[in-house]
Amino acid sequence: MADGANSVFVAVRCRPPNQKERAHGGDGDSLVIMPDRVLLKASDWGDKDIEHHWEQKEFGYDHVFDDSFTQERVYDAIGEPLLKNAMNAYNGCVFAYGQTGSGKTHSMVGDASNEAGRGIQPRACMRLFELLAEKQKENTSFQATVLATYMEIYNEKIFDLLSVGESSKDELNVRLHPTLGPIVANLKECPIQNYSDAAELFDFGAKRRAVGATQMNETSSRSHAIFTVQIRTSVKVSGVTTESQAKVHFVDLAGSERQKKTQASGTRLKEGIGINQSLSTLSRVISDLSTGRGLPPFRESKLTLLLKDALMGNSRTALLACISTARYNLAETISTLEFAARCKLVKTQARRNEESRADVIQKLTAEKEAIENQLQLERTRSDELCARLQMELEKSEQSERGAQEAISAKREIEEKLQELELEHASLAKALEEKSAQDLESRRADAVAEEGEVVKRRDSVQERERLAEQLAALEERKRHEISELEERERTSQELRDKLEVELKAQQEREQMFQQQMEDLRALQESWAVDQQSIPPTSLTATAGVLARLAEEGAQPLGRVAELHDVAREARREEQHQFREAELQRLGMHAAGIDPKDLACAPRLMNLHPDPALKGCLVYYLPTGDSVIGSDEERCRVRLAGAGISAEVCAISNVDNVRLSVKPINEHCLVRINGVLVEMAGHVLADGDRLAVGRAAIFKVHIPNSPQNGGTGNGALDFEAAMEEIEACVQVDPQWENGLRKAMQLVRSDYGDEDAKTLLAQAKRASEIIGTANDYLEQTAPSRRVDVDVFEMSIMFDAWGLPAVCVVARARSPEAAAEDVSLWSLDRFCEEPPARQKRRGPTEIVGIWELQRFEDEYLPVLQERMAEAYHKPWAKIDKEEEVASVTYYTIKVTRDGSDTVHRKRYNDFLEFDKLIRSKSDLKEVLSGMPPLPTTGVFGVRHALGLVDFHKRRRDGLQKYIDFLMDRLNIRQLHGFL
Ligand SMILES: Nc1ncnc2c1ncn2[C@@H]1O[C@H](COP(=O)(O)OP(=O)(O)OP(=O)(O)O)[C@@H](O)[C@H]1O
């Protein structure tokens with residue numbers, strides 16, 4: 001195998017039609033599948049998404065698998081060559097592309113638990129260890145380290161599927177290293193030593209995806225999953241050690257048809273732009289690469305940046321385009337075939353990655369040192385710049401003080417002059433009055449008058465003197481001001497220049513810091529990381545050393561053994577963390593005797609994505625098991641829409657008799673679609689249990705006498721949803737209004753229309769309930785001023801009434817009974833954005849039911865999903881104890897709450913602390929100031945309620961900002 005340009009290997013796989021497609025007319029006759037081509041016959045029919053006529057087209061590929069091809073044959077054609085290349089130190093990537101349900105996950109992962117069902121990814125891992133063992137047999141000096149990573153890209157955010165605890169929520173960043181290519185910082189690398197280690201990672205990753213998707217009421221088809229194995233080998237031949245490494249990515253892309261559906265609705269597109277950004281960028285990148293036009297926009301999405309090497313760089317790459325041949329999916333199939341045809345024109349540049357571990361470490365160390373030096377240089381320059389800026393600012397402040405003094409001296413003189421003028425005027429008036437008196441009395445008063453005249457003369461002189469002084473001051477002021485303006489101009493220019501320079505330096509520093517971080521991670525991954533060895537394995541290390549000393553082993557062998565111990569310790573430690581995570585989620589068998597495990601009743605998740613169905617298993621020991629979001633009180637810990645701290649309890653008697661009871665009347669628990677009353681419900685094997693609006697399980701009671709019970713063993717998610725839909729009732733709060741509306745409709749239009757109205761109201765009740773549950777789980781800062789959604793039946797002049805959804809905003813201070821419903825006219829005259837709050841509730845939006853479901857509900861869901869990834873905090877309560885105000889802050893994470901009690905001073909201290917952290921400077925730029933504190937008198941002057949409200953709102957705004965910018969670990973010490 002030689003280095004150089006290689007075309008992307010492109011294969012197409014057709015999946016057999018499913019039940020739905022058969023119902024829609026089954027396979028069309030438009031596609032002809034041949035071993036290396038797909039022929040699209042000319043047609044004069046179409047559907048609304050595609051042209052009505054098209055000419056015959058032929059798409060050529062490296063391979064086309066019709067639905068008779070087994071998983072094994074697909075692997076042999078795609079996976080095996082890539083793996084063999086990787087064993088020869090060539091990077092590889094295989095990605096599955098196609099619409100939702102076209103068979104991407106089936107081909108890529110399949111059913112890892114049964115041999116025939118295994119997809120490319122598990123087969124490759126299995127074969128990898130076989131090939132490594134063969135190499136070891138050929139040459140005993142052969143050594144290999146295999147590391148695996150598993151990540152998910154959802155909504156343009158990268159999440160580590162293998163990390164646990166707090167860090168599992170952290171969004172990861174991908175960066176391009178000039179020589180090492182794309183790097184995801186802080187991604188957990190898990191050492192694997194055999195297939196079962198790999199299988200454990202697939203399973204854990206699938207569980208994490210299923211839990212995440214359940215919590216967000218999402219399917220996994222909206223996210224991309226990337227499993228990567230990194231193989232590092234070393235072998236000694238004729239005394240020369242050769243080290244090499246290669247990475248292979250297995251990429252299961254999100255469903256590609258979503259793009260079109262998204263574009264169908266404006267609001268959805270605006271809100272959900274991130275969902276498909278990766279896919280549309282991938283499309284453009286492939287387009288550019290295939291035509292050789294322009295610079296492909298790799299940086300526009302996380303996926304393309306991550307796969308840059310796989311798409312044009314150092315990699316041998318294969319694309320598996322999955323299609324359905326059903327007529328019903330023709331538009332999507334054609335678009336997939338076109339995409340695959342473009343990929344065929346793309347070329348990559350694979351080269352052998354032969355570099356010794358020592359070389360890599362040395363290179364990384366040298367690079368790190370260079371960056372450290374540069375960073376130091378940047379810091380010195382930045383300090384100098386800051387000092388210069390400070391000096392300039394001080395100078396300009398001094399000038400400003402001088403000008404201020406001149407201005408106040410001028411003001412003083414002006415005031416004095418004004419006083420003198422007034423005095424002068426009053427003296428003149430007095431003189432005039434006096435001249436009107438008789439001469440006699442003037443003579444008699446002559447002496448006194450003379451005195452007055454002298455006084456007047458003096459006052460005129462004084463005025464003249466002051467005027468002169470004023471003119472001089474005016475002149476001085478003008479001079480000072482022009483000098484000040486000049487200084488100000490120069491200082492502003494300097495400040496602007498310095499600001500630009502400082503910003504550029506900050507950016508450079510940040511970039512260096514990031515590079516350092518990447519390098520540190522890489523070095524850790526390459527070197528034997530002694531610090532990461534847990535105490536238990538240090539004992540093991542000591543044991544190995546002692547043994548080696550006894551055996552008089554060579555130093556090189558000693559290092560290799562130490563390396564193995566460290567790796568093994570890391571593997572074991574990570575395995576235990578994952579176990580603990582599953583335990584935390586309630587997926588454990590604690591309290592069950594291992595010999596009884598097979599007959600222990602359990603809940604198994606139903607999921608729209610077949611790959612995630614049944615991967616979450618919750619055992620139910622005898623006694624009571626509570627289901628809900630509370631970590632301490634619940635055995636089965638769930639989160640998502642409609643799931644409160646405790647939702648229901650399942651009681652298990654002798655592993656045979658099970659029953660479920662809601663915790664209170666607000667809890668939403670359904671068995672086979674029917675709401676469970678407070679009295680509870682006896683469970684049978686196969687029953688479907690829906691908890692809240694997020695999770696549906698199949699109940700499995702192995703020892704059940706009914707065996708099969710009311711349930712159907714093979715029942716899937718869609719059927720369970722249909723069952724719920726069929727049983728939905730109207731929420732009692734709307735029953736009264738609905739009855740009246742139905743009476744009217746029945747009398748005016750007849751029974752049939754009344755029934756239609758009832759059906760619509762039932763659907764609306766479910767949709768509105770879901771919307772309110774989403775709202776409940778959404779961070780307050782993202783609620784866009786809606787407090788609750790309600791049902792409304794609108795009668796208009798044209799015909800039948802329509803069921804609508806009304807959004808209301810509530811003012812918390814107002815009395816609940818003072819409800820003012822605006823007329824629609826008034827609502828239309830005054831659009832919501834400009835409305836002032838009038839009364840306790842007001843309508844801030846009205847939707848027809850269908851539009852609400854299609855456009856607004858997904859937006860709410862997305863906001864809730866954001867809250868799942870990002871915890872949020874809300875000031876829940878405010879109380880004054882001995883004139884100190886305490887704020888109770890509720891932090892919601894994963895659907896469960898923790899409570900923190902804080903004083904204003906705690907905010908102040910934390911504010912000081914985080915503002916002093918230079919590494920947070922950039923992240924916290926634009927941080928809102930804390931609302932100022934008020935002394936008692938000021939509080940009264942402002943009005944106590946208003947003061948409190950303003951301060952609370954200000955603090956909430958401040959918390960929102962912090963929660964948005966910082967992760968929970970950075971908030972440690974405060975929350
Ligand atoms: N070649 C095949 N043979 C038999 N069944 C298949 C085949 N391909 C897919 N299926 C079945 O079709 C269903 C959907 O497949 P899959 O989940 O792999 O689709 P997907 O493209 O990954 O969808 P999504 O984008 O939602 O993840 C599954 O039940 C799967 O078992």
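**View 1. Gly-101 in the loop between strand E7 and helix H3.** In this predicted model, Gly-101 is placed in the loop that runs between E7 and H3. With a relative accessible area of 47%, Gly-101 is classed as partly exposed, because that class covers values between 20% and 50%. Thr-100 is found in the loop between strand E7 (92-98) and helix H3 (104-108), and its relative accessibility of 32% makes Thr-100 partly exposed too.

**View 2. The residues of the UniProt "binding site" annotation.** An unreviewed UniProt entry lists Gly-98, Gln-99, Thr-100, Gly-101, Ser-102, Gly-103, Lys-104 and Thr-105 under "binding site".

**View 3. An open, antiparallel sheet of six strands.** The six strands follow one another in the order E18-E17-E27-E26-E23-E24, with antiparallel pairing, and the sheet they form is open. Its edges are strand E18 (617-619) and strand E24 (674-675), each of which pairs on one side only.

**View 4. The pairing of strands E26 and E27.** Strand E26 (residues 688-691) and strand E27 (residues 695-700) run antiparallel and are joined by four bridges. Within this pairing, Arg-688 has Lys-698 of E27 as its bridge partner.

**View 5. Helix H17 against the sheet.** Helix H17 (residues 717-727) lies across strand E23 (669-671) as well as E24, E26 and E27, and the helix runs at about 105° to E27.

Definitions and conventions. Residues numbered from 1 in each chain as written. Predicted model: local features only at pLDDT ≥ 70, side-chain atom pairs only at ≥ 80, totals over all residues. Heavy atoms only, no water. UniProt positions renumbered as here; feature names shortened; annotations may be inferred. Helix = DSSP H or I, 4+ residues; strand = E, 2+ residues; numbered from the N terminus. Buried < 20%, exposed > 50% of the residue type's maximum accessible area, 1.4 Å probe, protein only. Pairing = 2+ DSSP bridges. Contact = heavy atoms within 4.5 Å. Axes fitted to C-alpha atoms, helices over the stretch in contact; angles between N-to-C directions.
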